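Here are a few exercises to work through with the model open beside you. Try each task before you read its solution.

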Amino acid sequence: MFYEDVEEGFEFPVLKKEPITRVQLVRFAGASGDFHPLHLVEEVAEKAGMKILAHGMLIMGMLSQGVTSWVSRKNIKKLQVRFSKMTFPGEEIQIVGKVLEKKADNIVVAEVLAKNSEGEVKVAGIFEATLPSRN
Amino acid sequence: MSNVKDLIGLEFEPYSMAVEKGKIKELALALGDDNPIYFDLEAAKKEGYEGIPMPPTFLQVIDLWGGMGSVEKVEKLGLNLVRVLHGQQAYEYLGDIVAGDVLSVTSKVVEAETKTASSGAMDIIVTENQYRNQRDELVALTRNTLLHRH
């Protein structure tokens, strides 16, 4: 994707993820090192009046995959998110994004959202990346 | 905790960890991210890297496997684990980080306050981390916001 190809309001192609599984949460716990029991142990979640929920950083990881499917990993300068809603096993996350602003020096500021299939926003973020020029 | 503001300036023990190819692959697989740059050196080189790059959120791996675990960190902050939520996370990438690099991290609490909303009171605690590589280049900055519901 080139700097000249995008305008403010340009929407990036949607990245659709597979439904989140409990096994994936175990796998993510091992990979990341986040063994918070609310993601892994039914009894602890129930005692807290909750259900097993996905790690927020798993959803942010999916959101970053969306960003790196749009712009080269190497060109990402900043990425910041807010975790708005909890995500549970079985939910299907999709990553959508659009350009908010084109700045000087080939810098693009864009919005990126991780939503479930009902459109509920789970993680909302902004990223800043440089895009290469055509010439 | 008497006053959450007392946490401002609290520095965690510095830590250091190598960026391992195996951990990069493990994280990419857990995320279901099949970008070949995380698995194949040639693909990484084509994107301009000298080695396998880390996925954007990989610094969490450095923090949790190289430093204090999330559970221990929450205890050190004096918070109740099941009342803690991850509110926000921000990354700033200042240089490439690839497999084989060794990152040294400093981490401290930069903001801490109690806010009252309609849903009740909560503490907001922001930790800032700085990541330097083996050449002492500052390669990344992060800000982590934890919410602690009362």
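**Exercise 1. Where in chain B is confidence lowest, and where is it highest?**

Solution. Within chain B, the lowest mean belongs to helix 4 of chain B, at 86, and the highest to helix 1 of chain B, at 98. Remember that this is a predicted model. For chain B as a whole, the mean pLDDT is 94, with 99% of its residues at 70 or more. The model's overall scores are ipTM 0.95 and pTM 0.95.

**Exercise 2. Describe the contact between the chains from the side of chain B.**

Solution. Start with the residue counts: chain A contributes 33 residues and chain B contributes 31 residues. Next, find the elements of chain B that supply two or more of them: helix 1 (21-31), helix 3 (59-66), helix 4 (70-76) and strand 2 (84-93). Strand 2 of chain B gives the most, with eight residues. Finally, sort the chain B side by residue class: 16 are nonpolar, eleven are polar and four are charged.

**Exercise 3. In what order do the ten strands of the open sheet lie?**

Solution. Reading across the sheet gives 1(A)-3(A)-4(A)-5(A)-2(A)-2(B)-5(B)-4(B)-3(B)-1(B), with antiparallel pairing. At the edges are strand 1 (15-16) of chain A and strand 1 (15-18) of chain B, each of which pairs on one side only. Now look at where the chains meet: strand 2 (residues 76-83) of chain A pairs with strand 2 of chain B over five bridges, in the antiparallel sense. As an example to locate, Arg82(A) has Gln88(B) as its bridge partner. Within chain B, strand 3 (residues 102-117) and strand 4 (residues 120-132) are antiparallel and joined by 13 bridges. There, Glu113(B) has Ile124(B) in strand 4 of chain B as its bridge partner.

Conventions. Residues numbered from 1 in each chain as written. Chains lettered and ligands numbered in written order. Predicted model: local features only at pLDDT ≥ 70, side-chain atom pairs only at ≥ 80, totals over all residues. Contact = placed C-beta atoms within 7 Å. Helix = DSSP H or I, 4+ residues; strand = E, 2+ residues; numbered from the N terminus. Nonpolar A, V, L, I, M, F, W, Y, C, P; charged D, E, K, R; others polar. Pairing = 2+ DSSP bridges. pLDDT = per-residue confidence, 0-100.
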